[in-house]
Number of protein chains: 2
Amino acid sequence: MRPEGFLQQVYNQLKRFEIPKIKMKKRNLSNLVYDEETRQFRIGDKTEIRDGSHVKQIKPLTQLVWIATVANKLMSSDKTCTLRDLYYMAKDPELIGFEDQKESNDLITDLETTCEMSREQFNIYPEERSEIFGRMTVEYTSPQDYVGRRINLTINPDGIPIGPRMTKVRFIEIHANKVIVVEKGAVFTRLLEEKAYERFNAILVHTAGQPPRSTRILVRRLNQELRLPVYIFNDADPWGLGIAMTMTCGSVKSSHIPGLVTPDAKWSGLYATDISQYNLPSEKLNEKDVKRLLSLRNDPRTKLDPWKREIDEFLRNKRKCELETFSRYGLEYFVNNYLPRKLEG
Amino acid sequence: MRPEGFLQQVYNQLKRFEIPKIKMKKRNLSNLVYDEETRQFRIGDKTEIRDGSHVKQIKPLTQLVWIATVANKLMSSDKTCTLRDLYYMAKDPELIGFEDQKESNDLITDLETTCEMSREQFNIYPEERSEIFGRMTVEYTSPQDYVGRRINLTINPDGIPIGPRMTKVRFIEIHANKVIVVEKGAVFTRLLEEKAYERFNAILVHTAGQPPRSTRILVRRLNQELRLPVYIFNDADPWGLGIAMTMTCGSVKSSHIPGLVTPDAKWSGLYATDISQYNLPSEKLNEKDVKRLLSLRNDPRTKLDPWKREIDEFLRNKRKCELETFSRYGLEYFVNNYLPRKLEG
């Protein structure tokens with residue numbers, strides 16, 4: 001359902017002199033289903049009612065309707081706004097404002113849940129930017145004056161940002177047979193300079209840490225629409241591992257939205273076991289790391305290898321290391337030695 | 001002097017059986033000169049000697065020579081590396097390693113001081129990326145396989161990253177008569193969507209917070225080589241003001257390097273005085289903000305308006321606000337109302 005449909009529902013209730021009631025799926029842990037088959041979290045079928053006749057629910061209900069009108073306007077005018085913009089748009093004593101940005105972010109999540117669409121489909125984005133590079137031509141489908149224009153993703157030697165418009169492109173021509181995803185900008189630059197896109201026939205993606213949803217959407221499209229296998233490389237620590245899990249199994253936080261996960265993506269490294277195998281400079285895990293690993297060990301997503309094996313290894317060896325540590329063997333080592341072995345394996 | 005020249009000096013000393021001694025300009029505050037005429041900090045003429053016959057100086061001297069060989073190799077092979085890469089490249093028990101990245105970063109600054117070149121000229125970069133968009137065609141001069149290739153900076157509707165290669169382009173064709181620089185990604189997106197590049201005939205630059213040096217180099221080139229006036233917009237808080245100061249008067253930290261500052265750039269907003277004038281949602285300054293303002297008030301760079309006037313206003317009103325707050329008046333307000341007034345004024 002689009003925000004317009006939701007607004008229509010509320011309008012119809014009011015027209016019938018009914019106090020608006022909205023049904024939406026419950027987003028708490030008790031309604032989170034781990035789907036073994038697709039290997040991802042999804043929201044269950046339990047629902048809850050936001051009832052305008054309860055005093056406490058009048059405010060969030062009105063805020064939700066207001067956000068739906070903004071989303072509707074953005075979609076029809078083909079403009080985008082950031083989460084922060086949206087927060088400020090309402091920060092006006094004459095409107096129903098938000099306590100803080102967390103409140104407006106949460107209500108956007110409510111609208112996502114109600115409509116079963118992602119905020120990116122409403123044209124609402126966070127600020128982060130990740131990047132892409134590869135021998136591939138795409139055609140913009142938005143904004144209006146870019147429709148039909150094409151760009152080759154090798155045109156800038158430092159990559160092209162994956163902004164709001166990049167997720168919606170049409171794929172025109174592809175000279176690549178895989179996608180390599182890396183967490184770190186330094187490694188992305190390394191891949192560009194060593195021409196990894198030529199040598200491995202690969203589209204290169206830089207997530208810039210925990211991948212923004214645009215990046216997850218685009219990687220999924222490359223995998224599902226073009227059947228390109230996806231290989232993910234991140235730091236050997238619980239946070240890097242978390243990035244790979246988010247991309248392949250989804251996150252609890254966005255389990256209410258379809259279309260973000262690439263279940264067939266392969267987590268390829270850095271493994272905890274790579275630290276000793278490649279004799280990499282490493283650091284001791286801190287308390288926060290260990291705590292995070294213990295909670296990851298109880299996660300239904302990590303019951304199988306490589307997740308299980310690597311979490312156990314982290315907890316045994318208590319060491320972590322970053323992707324850039326390969327630089328100790330020279331700038332080319334990662335591309336010349338590590339990558340080929342991992343892509344074969 | 002290029003790193004090669006520096007290495008030659010050391011080599012010549014060794015060949016004459018002399019223990020190497022290196023002269024470099026002092027970087028402490030006592031040797032910092034504020035040049036009223038050019039309105040920027042520069043390093044003075046006092047020098048110091050790094051003397052290899054002092055036990056304590058053997059290690060940093062050797063590290064410096066090692067870094068110079070890396071810089072020399074990067075420059076001749078036309079490859080780049082990040083500050084983090086460089087730290088890891090030496091992290092090997094067989095080499096002289098670094099305690100932490102601060103140590104290797106500091107030694108890169110030593111090499112900059114010795115050679116009077118910036119690390120970007122050595123092809124050593126931090127990770128941050130900022131962005132550019134505008135009706136302008138540029139031609140790459142590096143890397144090798146991009147030499148002579150051209151890109152139009154409107155080709156991607158979300159902008160083009162200002163990576164290592166963008167600072168060295170040749171300017172081919174320009175349809176713009178000014179540069180608008182903004183601190184925030186949300187505002188950059190707003191400018192793109194409202195076609196500010198057309199309406200104001202402007203090249204748009206996003207600094208992503210405190211501008212990386214590549215951004216400062218590129219903005220300076222646009223101003224000095226193409227004679228385009230530059231307008232800077234940032235948050236109305238001491239940190240935003242600091243960004244504008246770094247771009248127009250230089251920072252203490254990089255006073256030893258020429259070529260980063262755009263003295264003719266105009267700091268155009270957000271002013272502290274804009275908060276009341278435009279009735280913007282604002283927040284109370286915290287202790288850290290006030291402390292920073294008090295130290296800025298004693299800075300030789302802020303003796304004149306608008307700096308002086310705005311710092312006084314901050315300290316009087318004790319309020320700050322972000323660029324995105326204009327969204328309260330609708331997404332178009334910033335571009336339709338605020339910008340035109342500021343560009344005229």
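A:Glu131 stands opposite A:Pro161, which lies in strand S10 of chain A. The model is a predicted one. The pairing behind this is antiparallel: strand S7 (residues 131–133) of chain A joins S10(A) over 2 bridges.

**The sheet in chain A**

- S7 and S10 belong to an open sheet of 6 strands in chain A, with the order S10-S7-S13-S12-S14-S15 and mixed pairing.
- Strand S10 (160–161) and strand S15 (266–269) of chain A are at the edges; each has a single partner strand, so one side of each has no neighbour in the sheet.

- In chain B, 6 strands form an open sheet of mixed pairing, ordered S10-S7-S13-S12-S14-S15.
- Its edge strands are S10 (160–161) and S15 (266–269) of chain B, and each of them pairs on one side only.
- Strand S7 (residues 131–133) of chain B pairs with S10(B) in the antiparallel sense, over 2 bridges.
- B:Glu131 has B:Pro161 in S10(B) as its bridge partner.
- Helix H7 (residues 213–226) of chain B lies across S12 (178–182), S13 (202–206) and S14 (230–233) of chain B, and runs at about 160° to S12(B).

**Domains of chain A**

- The domain assignment divides chain A into domain 1 (3–125) and domain 2 (131–344).
- Taken over C-alpha atoms, the centres of domain 1 and domain 2 of chain A are 31 Å apart.
- Contacts between the two involve 18 residues of domain 1 of chain A and 19 residues of domain 2 of chain A.
- On the side of domain 1 of chain A that touches domain 2 of chain A, strand S2 (32–35), strand S3 (40–43) and helix H4 (101–115) of chain A each supply at least two residues.
- S3(A) gives the most to that side of domain 1, with 4 residues.
- Sorted by class, the side of domain 1 of chain A facing these contacts with domain 2 has 5 nonpolar, 6 polar and 7 charged residues.

**How chains A and B are related**

**The contact between chains A and B**

- 38 residues of chain A are in contact with 38 residues of chain B.
- Strand S5 (81–82), helix H3 (83–89), S10 and helix H5 (185–193) of chain A each supply at least two residues of the side of chain A that touches chain B.
- By class, this side of chain A has 16 nonpolar, 9 polar and 13 charged residues.
- Of the interface residues of chain A, 100% are also interface residues in chain B, so the copies meet through the same surface.

**One loop residue, A:Asn286**

- A:Asn286 is in the loop of chain A between strand S16 (283–284) and helix H10 (287–297).
- A:Asn286 is exposed, because it has 12 other C-beta atoms within 10 Å, and 12 or fewer counts as exposed.
- A:Asn286 and A:Leu29 are 257 residues apart along the chain, and 28 Å separate their C-alpha atoms.

Technical notes: Residues are numbered from 1 along each chain as its sequence is written. Chains are lettered from A and ligands numbered from 1 in the order in which they are written. This is a predicted model: local features need pLDDT of at least 70, side-chain atom pairs count only at pLDDT 80 or more; totals for chains, interfaces and linings use all residues. A residue is buried if 20 or more other C-beta atoms lie within 10 Å of its own, exposed if 12 or fewer, and partly exposed in between; C-beta atoms are placed from the backbone. Domain bounds come from an automatic or database domain assignment. Two residues are in contact if their C-beta atoms, placed from the backbone, lie within 7 Å. Ala, Val, Leu, Ile, Met, Phe, Trp, Tyr, Cys and Pro count as nonpolar, Asp, Glu, Lys and Arg as charged, and the others, Gly among them, as polar. Two strands pair if DSSP finds at least two bridges between them. Axes are lines fitted to C-alpha atoms, for helices over the stretch in contact, and angles run from 0 to 180 degrees between N-to-C directions.
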